[in-house]
Amino acid sequence: MALLMLENGMKFYGKSIGSDGIVVGEIIFNTSMMGYQEVITDPSYFNQIVTFTYPHIGNVGITQEDNESSRIQVKAIIIYQDSLIISNLRNKLSLSQFLNKHNIIGISGIDTRKLVRLIRAEGKQFGCISSNNDITINTVKTKIKKLLKNQNLDLVNQVTTKKQYIWNNKIKHIKNKKFLQKFFYHIVAYDFGIKRSILKQLDNLNCRVTVVPACTNAKHVFSLHPDGILLSNGPGNPEKYKYIINNIQKLLNGNIPILGICLGHQLLALSEGAKIFKMKFGHHGTNHPVKDLKKNKIIITSQNHDFAVDPKTLSNNMTITHISMFDGTLQGIHLLI
């Protein structure tokens with residue numbers, strides 16, 4: 001047995017599907033219908049408890065090739081049903097085995113629809129998951145209070161690479177440097193919690209990618225002579241990363257194309273004086289429709305963010321390029337220097 005208790009005292013009883021123990025954190029919900037492995041290994045979800053709205057989780061098992069990082073990043077997961085049947089020839093582990101391997105707590109068999117409706121109505125929720133089902137509300141409130149008091153707000157520093165490295169599958173055996181410089185774009189990617197799938201996509205576009213830590217100064221990036229700079233996705237409140245914003249402001253003076261994704265997009269806007277705001281329950285899923293205003297087309301996107309850029313605060317050299325079809329929030333900007 002396992003218990004989920006929210007800060008308001010509401011209880012959900014279920015079954016433990018991962019490691020035994022107790023965990024406290026912010027609960028969000030994800031609307032993806034596939035890709036649960038990618039979600040729980042995505043550093044953007046670091047330190048969060050993720051509720052999956054799709055009822056069948058675990059039905060394709062776990063395979064190493066689909067990880068978005070080297071480990072599970074979430075604090076815990078909440079699901080309706082842990083599938084007993086795994087339909088994937090590549091499968092190596094069950095979901096429960098994967099959670100146990102990384103010492104992650106999970107709970108299944110609860111009314112996830114009720115929980116999600118509560119979050120949608122009331123906004124952000126903190127809660128506690130325990131394999132000991134006699135935990136009290138006072139214990140939960142004490143743990144939440146302790147968490148909020150002692151939490152490290154610089155989550156990027158906890159997920160970024162500690163040293164610079166080269167990411168490339170196609171060109172790692174190529175020794176001819178002149179060939180590399182002529183036929184492959186060189187991209188410097190800031191790792192704020194970068195997903196492996198982003199690096200794979202750059203690789204497929206014939207880019208040679210140098211991944212650098214989040215604290216890397218602009219001067220060093222310029223010395224690498226990149227054709228473009230990527231500001232990656234990542235966790236946390238963008239306003240807390242002043243040292244990154246300062247670096248981006250210097251990078252903007254380098255006349256090098258810059259692309260910001262998720263957190264990187266928000267940091268890019270902040271570096272130009274824009275403001276952000278905390279969303280009621282955020283955007284978390286792989287099925288979010290976004291309108292490309294220039295092409296007048298709808299694209300389906302993968303998202304995970306709790307903050308959004310305030311369009312009223314954009315500078316004159318920033319234009320809105322994409323908006324959410326769910327709530328009209330800003331989804332893309334074009335910055336002209």
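Which residue in strand 16 is the bridge partner of Phe 277? The partner is Ala 308. Before going on, a word on the source: this is a predicted model, where local features need pLDDT of at least 70 and side-chain atom pairs count only at pLDDT 80 or more, while totals for chains, interfaces and linings use all residues. Residues are numbered from 1 along each chain as its sequence is written, and side-chain values use heavy atoms, with hydrogens and water left out.

Back to the strands, which are DSSP runs of E, at least two residues long, just as helices are runs of H or I of at least four, both numbered from the N terminus. Strands 15 and 16 run antiparallel and are joined by eleven bridges. They belong to an open sheet of four strands, ordered 16-15-17-18, with antiparallel pairing. Strand 16 (297-309) and strand 18 (330-335) are the edges, each pairing on one side only; to count as paired, two strands need at least two DSSP bridges between them. From one strand to the next, the twist averages 35°, taken between N-to-C directions on a scale from 0 to 180 degrees, with axes as lines fitted to C-alpha atoms.

The structure has two aromatic pairs, meaning rings of Phe, Tyr or Trp (its six-membered ring) with centres within 6.5 Å; planes under 30 degrees apart are stacked, over 60 edge-to-face, the rest tilted. One of them is Phe 29 with Phe 281, tilted, at 5.6 Å centre to centre and 35° between the planes. Phe 29 sits in strand 3 (residues 22-30) and Phe 281 in strand 15 (residues 276-292), 252 residues apart, so this pair links distant parts of the chain. Phe 29 counts as buried because its relative accessibility is 6%, and Phe 281 as partly exposed at 24%. The cut-offs are under 20% relative accessible area for buried, over 50% for exposed, and partly exposed in between, with a 1.4 Å probe and protein chains only.

Last, helix 3, residues 112-122. Its buried residues are Thr 112, Leu 115, Val 116, Leu 118 and Ile 119. They lie on the same side of helix 3 because they cover an arc of only 155° around the axis, judged by the directions from the helix axis to the C-beta atoms. On the other side, Arg 113, Arg 117 and Ala 121 are exposed. Gly 123 follows helix 3, with a positive phi near 90°.
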